[in-house]
Amino acid sequence: MSEADCIFCKIARGEIDAEMVHDEDEVLAFNDINSKAPVHVLVIPRQHVANLEEIGDLPDRVVKRLFEVASLVAENLGVTEGGYAVRINNGSDAGQEVFHLHLHVMGGKRLGMP
Ligand code: 5GP
Ligand code: ZN
């Protein structure tokens, strides 16, 4: 999957619309198009990395910022107190569909494992 074809790179470049909930230099957050919880946001680095195996390609500050933005989004959307899940689907057994690393931030209902 090249950056030209990657759906999340297209969102980051503004070529595909998304409901943006947070937008900054290196990290973006937008609503999942097929939400599985009242709050279901995807947090992505603007830089394309496919999965955790490529996370070393991201600057350390961006790795940290992904988690900070996840927390910020949860706070802004009112699920900090109730709690929320932050999930990375990595690879096919985990059901990864989009090969641009992203954090699912899900809250607003009781969430179980897996
Ligand atoms: P994965 O299984 O790769 O962790 O999850 C990919 C997520 O991206 C899915 O929950 C799916 O609903 C979401 N998604 C796929 N295409 C789009 C899109 O074009 N826009 C948005 N906002 N979400 C998308
Ligand atoms: Zn990408």
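Colleague: How many aromatic pairs does a search of the whole structure find?

Modeller: One. Rings of Phe, Tyr and Trp (its six-membered ring) pair if their centres lie within 6.5 Å. This is a predicted model, where local features need pLDDT of at least 70, side-chain atom pairs count only at pLDDT 80 or more, and totals for chains, interfaces and linings use all residues. Residues are numbered from 1 along each chain as its sequence is written, chains are lettered from A and ligands numbered from 1 in the order in which they are written, and side-chain values use heavy atoms, with hydrogens and water left out.

Colleague: Which residues form the aromatic pair, and what are the distance and angle?

Modeller: F8 and F30, at 5.4 Å centre to centre with 75° between the planes. That is edge-to-face, the term for planes over 60 degrees apart; under 30 counts as stacked and the rest as tilted.

Colleague: Where in the chain are F8 and F30?

Modeller: F8 is in helix α1 and F30 in strand β2, 22 residues apart, so to speak of the pair is to speak of a link between distant parts of the chain. Helices (H or I, at least four residues) and strands (E, at least two) are DSSP runs, numbered from the N terminus.

Colleague: Now the ligand. How many residues surround ligand 1?

Modeller: There are 17, and the closest are D32, G95, E97, H102 and H104. A residue counts if one of its heavy atoms lies within 4 Å.

Colleague: Which element gives the most to that shell?

Modeller: α1, with three residues. Both α1 (7–12) and β2 (27–31) supply at least two.

Colleague: Different topic. Which residues does a cis peptide bond join?

Modeller: M113 and P114, with omega about 0°. P114 lies in the segment after β5 (103–107). Most peptide bonds are trans.
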